[in-house]
Amino acid sequence: MAVIARIVPDVTGVDKVFDYLVPESLVGNICVGDRVRVPLHNRNVAGWVLQLGDTTTQFSYVDESRLLKVIKVLGKGPSQEVVDLARWAAHMWVGRLRAFFVAASPATLVAALPGSRYTQVSTRKKFDVDAQMIDAVDGAGVSVLRRGPACSPRSLLLTAASKGPVLVVIPTINRARLMAASLREHGLSVAVMPGDWAVAAGGVDVVIGARSAVWSSAPMLKSVIVIDEHDDALQEERSPSWHARDIAIERANKLGIACVLVSPVPSLRALHGVAGVVASMDPAIEASHWPQIRIIDRRLDERWSSSMLSSELIEQLRDHSRRIVCVLNVKGRARLLACGSCRELVRCDVCEAAMTMSASKQLECPRCANVRPAVCVKCGSGKLAVIKAGVSRLREELAAAAGRRVDEVVEVSGGGTAEKSEKDKNSEVVDQTKMLFVGTEAALHRVRDVDTVVFLDIDQEISAPRYRAAEITLTLVVHAARLVARKTSGQSKTSDGLVMIQSMLADHALLRGLAVHDLSEFVEEEMSRRKIMQLPPYGALAQVSGTGVDQLADILRSNVLLQVSATNKDAVLVKSSNWETLANSISDALVTASTRGKKTLRTKTQIDPPRA
Ligand SMILES: [Zn+2]
Ligand SMILES: [Zn+2]
């Protein structure tokens with residue numbers, strides 16, 4: 001009998017796994033997940049143990065005399081539980097195992113795990129117990145807890161930790177560090193990922209970190225909690241495009257423990273997963289965790305087609321005691337069309353995306369390819385006008401309206417996502433002494449102590465070609481709400497933080513819902529639209545791109561369970577009524593294409609692509 005290790009090489013571009021003989025000296029000292037050194041193609045490379053077995057059972061078909069030997073064990077890696085989770089994820093996201101092992105491994109070599117550091121509940125500070133969290137943890141399964149944007153998740157986490165070890169995923173590492181400090185003050189042992197990998201694997205009360213923390217090898221877990229599960233920062237943008245929320249749900253499910261999704265604006269996927277059971281606070285308390293949100297109907301403004309400064313905004317700008325951030329996402333701006341008579345924004349009647357005028361003077365939808373004649377659906381007028389954004393002179397216009405010098409208006413630009421801007425923060429210093437700022441959503445992460453956030457043109461966000469555009473808009477509004485709520489938090493109960501949203505779609509369910517902090521109508525409408533269009537959470541969507549995508553698309557098109565779009569810029573969208581079917585079909589097609597094709601296939605697959 002010989003012991004065999006199946007190894008995932010840590011080599012870019014190598015998809016395969018290889019079997020090696022475990023030398024006698026290592027038998028008993030090697031575990032699944034361990035980082036090892038093995039010979040491969042005449043050189044020595046690092047890798048991970050995917051599976052261990054012997055020639056009498058799992059590896060009985062293996063001819064051990066042909067196998068090379070594992071050279072040495074380098075250090076600890078993901079636990080068996082996490083390795084199993086990675087195998088599941090590699091299948092569902094049609095991705096390489098290596099990517100998941102990288103996410104689940106320590107950044108430096110870990111020779112041995114430290115002992116556990118669990119604390120007694122009796123030694124911890126007192127806190128306000130959240131009864132709904134107790135129910136969620138005791139009940140196991142998936143729960144959604146809705147809490148307003150200004151509500152700190154601290155008491156939720158303290159409550160969950162009183163029931164046993166917790167794994168917490170939160171969108172940014174900064175927030176993870178702040179929360180960890182606060183939990184330690186309460187007497188809990190906390191590991192912050194990825195730095196405290198070994199401590200987490202040794203066993204602590206709370207493991208917390210950004211999206212990759214969901215892969216931490218924390219033992220004895222009693223619950224997995226995802227804070228701000230709606231936030232896009234929880235999805236890996238590169239391929240495989242795994243989402244920490246989905247990994248958390250599966251992990252908890254496999255362990256038979258609770259998965260608690262917390263958000264002020266629960267995603268459709270979360271709501272669908274729990275069949276509508278959402279625990280929220282008393283409406284009055286929940287409302288107190290939201291700042292005032294004012295929707296400005298731009299259609300009522302006489303200057304709607306020439307200026308982005310509504311009279312309400314001008315009034316706000318003239319109040320020099322308020323610190324104001326004006327947000328306008330310039331990147332990827334489209335020219336929006338509106339009806340010249342009734343001012344209705346021109347949108348697709350199927351999917352609600354903003355439509356554009358084609359060369360043949362037809363209206364075209366960039367999201368679902370719907371085409372219709374160039375007339376207003378509301379009043380029938382054929383007089384459609386492009387809304388002039390006036391971005392170039394925006395700073396001057398704002399300064400004039402505010403009665404300030406142009407150099408008193410600070411322009412903030414740069415990367416859009418929270419993680420990017422965290423990096424950029426060091427390189428670009430924003431003058432925090434000024435009172436008026438204008439820029440992309442990056443400004444929401446860079447300016448502090450803000451009284452008012454103004455979305456100059458939210459329609460660009462709501463009607464963007466991405467199918468999740470409306471949900472992504474909510475993420476932006478939550479960022480803004482936190483920014484203006486922060487200043488007054490802890491002081492008086494009546495916060496005067498204000499989020500102003502300028503729109504030509506003032507009666508959109510999303511905006512009406514935000515104004516009264518109740519999005520149920522929006523969720524219902526969006527759910528039924530997704531259902532009709534067979535989009536997530538009702539169906540599954542993937543983008544396949546890269547060299548050889550045509551070959552692959554041909555194979556996929558012959559599969560009756562799939563809908564495959566036309567190839568556009570070396571990419572196709574593939575839709576199925578079910579995620580598992582989608583993953584299986586693409587995996588099978590990849591195998592078929594690689595055995596059949598002459599060209600080398602260099603495709604990548606993104607399940608639920610972040611940008612489609
Ligand atoms: Zn009209
Ligand atoms: Zn459409």
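Leaving aside neighbours within four places in sequence, Leu 363 is in contact with Leu 337, Val 346, Met 355, Thr 356, Met 357, Asn 370, Val 371, Arg 372, Pro 373, Ala 374, Val 375 and Leu 384. That's a handy way into this model, which is a predicted one.

**Around Leu 363**

- Leu 363 sits in strand 17, which covers residues 362-364.
- Its relative accessible area is 0%, so Leu 363 counts as buried.
- Arg 347 is 16 residues away from Leu 363 in sequence, and the C-alpha to C-alpha distance between the two is 9.1 Å.

- Distant parts of the chain get linked by one pair: Cys 342 comes from the loop between strand 15 (337-339) and strand 16 (356-357), while Cys 376, 34 residues apart from it, comes from the loop between strand 18 (371-373) and strand 19 (384-386).

**Zinc ion (ligand 2)**

- The protein donors of the zinc ion (ligand 2) are the SG atoms of Cys 348, Cys 351, Cys 365 and Cys 368, at 2.2 to 2.3 Å.
- Their angles around the zinc ion (ligand 2) span 100 to 116 degrees, which makes this arrangement tetrahedral.
- The sequence spacing for the zinc ion (ligand 2) reads C-x2-C-x13-C-x2-C.
- Both Cys 348 and Cys 351 are buried.

- Six strands make up an open sheet with parallel pairing, in the order 13-23-22-14-21-20.
- Strand 13 (292-297) and strand 20 (409-412) are the edges; each has a single partner strand, so one side of each has no neighbour in the sheet.
- On average, neighbouring strands of this sheet are turned by 20 degrees against each other, direction ignored.
- Helix 10 (residues 311-318) packs on this sheet and touches strand 13, strand 14 (324-327), strand 21, strand 22 (452-455) and strand 23 (498-503). Its direction makes about 150 degrees with that of strand 23.
- Helix 11 (residues 394-402) lies across strand 14, strand 20 and strand 21, at about 155 degrees to strand 21.
- Strand 20 runs parallel to strand 21 (residues 436-439), and four bridges join them. Val 410 stands opposite Phe 437 in strand 21.

- Another open sheet has five strands in the order 2-1-4-3-5, paired antiparallel.
- Strand 2 (18-21) and strand 5 are at the edges, each pairing on one side only.
- The twist from one strand to the next averages 50 degrees.
- Four bridges hold strand 1 (residues 3-9) to strand 2 in the antiparallel sense, and Ile 7 has Phe 18 in strand 2 as its bridge partner.
- Strand 3 (residues 35-40) is mostly covered, with five of its six residues buried.
- Strand 3 is joined to strand 4 (residues 43-54) by six bridges; Arg 35 pairs with Trp 48 in strand 4.
- The hairpin of strand 3 and strand 4 has two residues between the strands, and His 41 takes a positive phi near 45 degrees there.
- Three bridges join strand 3 to strand 5 (residues 72-75), running antiparallel, and Arg 37 has Lys 72 as its bridge partner in strand 5.
- Helix 2 (residues 97-104) lies across strand 1 and strand 4, at about 95 degrees to strand 4.

**Nonpolar cores**

- In soluble globular proteins, nonpolar side chains tend to be buried together.
- The largest nonpolar core holds 60 residues, and Trp 93, Trp 215 and Ile 247 have the most contacts inside it.
- Helix 1 (residues 80-92) gives the most to this core, with seven residues.
- Not counting residues up to four places away in sequence, Ile 247 touches Leu 85, Trp 88, Ala 89, Trp 93, Val 214, Trp 215 and Trp 242.
- Another core of 46 residues lies apart from it, including Val 327, Val 450, Ile 501 and Met 504.

Technical notes. Residues are numbered from 1 along each chain as its sequence is written. Chains are lettered from A and ligands numbered from 1 in the order in which they are written. This is a predicted model: local features need pLDDT of at least 70, side-chain atom pairs count only at pLDDT 80 or more; totals for chains, interfaces and linings use all residues. Side-chain values use heavy atoms; hydrogens and water are left out. Two strands pair if DSSP finds at least two bridges between them. Axes are lines fitted to C-alpha atoms, for helices over the stretch in contact, and angles run from 0 to 180 degrees between N-to-C directions. Contact means heavy atoms within 4.5 Å. A nonpolar core is a set of buried Ala, Val, Leu, Ile, Met, Phe, Trp, Tyr and Cys residues joined through side-chain atoms within 4.5 Å. Buried means under 20% relative accessible area, exposed over 50%, partly exposed in between (1.4 Å probe, protein chains only). Donors are N, O and S atoms within 2.8 Å of the metal (3.2 Å for Na, K and Ca); water is not among the atoms, so sites may look incomplete. Four donors count as tetrahedral if all angles lie between 85 and 135 degrees; four count as square planar and six as octahedral if opposite donors are over 155 degrees apart and all others between 65 and 115; anything else is irregular.
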